[in-house]
Amino acid sequence: MLVDYRKANICQTEGENILEHVSFQVNEGDFIYLIGRVGSGKSSLLKTIYCELDIDEAEKAEVLGQNLLEIRRKDIPALRRQMGIIFQDFQLLTDRNVYKNLRFVLNSTGWKDKQEIDDRIREVLHDVEMDDKAEKMPHELSGGEQQRIAIARAILNHPKMIVADEPTGSLDTETADNILQLLREISQKGTAVIMTTHNMPLLDKYPGIVYRCDDGKMDKIDNILYG
């Protein structure tokens, strides 16, 4: 099991819980949607997974075998290297081209051999159908292309899971559909995908496990249709 939360309380900041008694499990290859209104706690839950927010109280809170109730600050970077994180606003480095954006990640996670780095960058760009964009600057790419590069960045280190916060939120319908198809293909190769979304029609087209955050609770939803 990649994520195992049992009766976890999620706080945005010090003080009042935004979600209470969360039970949430993620297994290899799962494709999981988190839905709910703005401010319902979806993004806060994601942030606990990569330790941007702490979990102060839980019966159990484990991510990739690490107990989040006891994890030391110095161990968090190693935990994050086992996952890919995708943001709605892409967060590409604007002062360098696509190749150098991806090389920066590999260099910072211990890759040394230039040929291995080049081969891996070429491989992930092919996976996201951006083979010809290595020399492009971020501002020369469309929103959908930037998000594909962000996904390429997220899968560079063969992560066990991808955490995506509204990855299609700023994209048009067709581009959002293409991004979801790509994430779905990634999950079918064994990498779990956990994503927040407001794009309800996508849940019909690309079925997955659905959790709804509402009124301080998070519940698993079965047999839900939005078509």
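**Close-up 1. Gly144 and its partners in a predicted model.** Setting aside residues up to four places away in sequence, Gly144 touches Leu171, Thr175 and Ile179. What you are looking at here, as in every view below, is a predicted model. Gly144 sits in helix α5, which covers residues 143–155. With a relative accessible area of 11%, Gly144 counts as buried, because the cut-off for that label is under 20%. For a sense of scale along the chain, take Gly144 and Ile155: they are 11 residues apart in sequence, and their C-alpha atoms are 17 Å apart in space.

Close-up 2. Thr196 belongs to strand β9, residues 192–196. Is Thr196 buried or exposed? Thr196 is buried, and its relative accessible area comes out at 0%. Its side chain makes a polar contact of 2.7 Å with the side chain of Asp165. Leave out the neighbours within four places in sequence, and the residues in contact with Thr196 are Leu34, Lys42, Ser43, Leu46, Ala164, Asp165, Glu166 and Pro167.

**Close-up 3. The largest nonpolar core.** This core holds 43 residues, and those touching the most other members are Tyr33, Ile86, Leu125, Ile151 and Leu183. Which elements give two or more residues to this core? On the strand side there are β3 (31–35), β8 (161–165) and β9; the helices are α3 (98–108), α4 (114–127), α5, α6 (173–188) and α7 (201–205). As a general point, nonpolar side chains in soluble globular proteins tend to be buried together.

**Close-up 4. Leu125 and the residues around it.** Here's one of the residues from the previous view, Leu125, which is among those touching the most other members of the largest nonpolar core. Not counting residues up to four places away in sequence, Leu125 touches Val98, Leu102, Met130, Asp131, Ala134 and Ile149. There is also a second, separate core, made of 35 residues, with Ile32, Leu46, Ile76 and Ile85 among them.

Close-up 5. How many cavities of 30 Å³ or more does a search of the whole structure find? The search turns up 1. The space inside the largest cavity is about 40 Å³. Its lining is made up of Thr48, Cys51, Leu53, Asp54, Ile55, Leu68, Ile71, Arg73 and Ile76. Sorted by class, that lining has 6 nonpolar residues, 1 polar and 2 charged.

How values were computed. Residues are numbered from 1 along each chain as its sequence is written. This is a predicted model: local features need pLDDT of at least 70, side-chain atom pairs count only at pLDDT 80 or more; totals for chains, interfaces and linings use all residues. Side-chain values use heavy atoms; hydrogens and water are left out. On a 1 Å grid over the protein atoms alone, a cavity is a set of points where a 1.4 Å probe fits but cannot get out, and a pocket is an open set with protein on both sides within 12 Å along at least five of seven lines; lining residues have an atom within 4 Å of a point. Grid points are joined across faces, edges and corners, and a volume is the space filled by probe spheres set on the points. Ala, Val, Leu, Ile, Met, Phe, Trp, Tyr, Cys and Pro count as nonpolar, Asp, Glu, Lys and Arg as charged, and the others, Gly among them, as polar. Helices (H or I, at least four residues) and strands (E, at least two) are DSSP runs, numbered from the N terminus. Buried means under 20% relative accessible area, exposed over 50%, partly exposed in between (1.4 Å probe, protein chains only). A polar contact is a pair of N or O atoms within 3.5 Å; within protein, one must be able to donate a hydrogen and the other to accept it, and residues adjacent in sequence count only if both atoms are side-chain atoms. Contact means heavy atoms within 4.5 Å. A nonpolar core is a set of buried Ala, Val, Leu, Ile, Met, Phe, Trp, Tyr and Cys residues joined through side-chain atoms within 4.5 Å.
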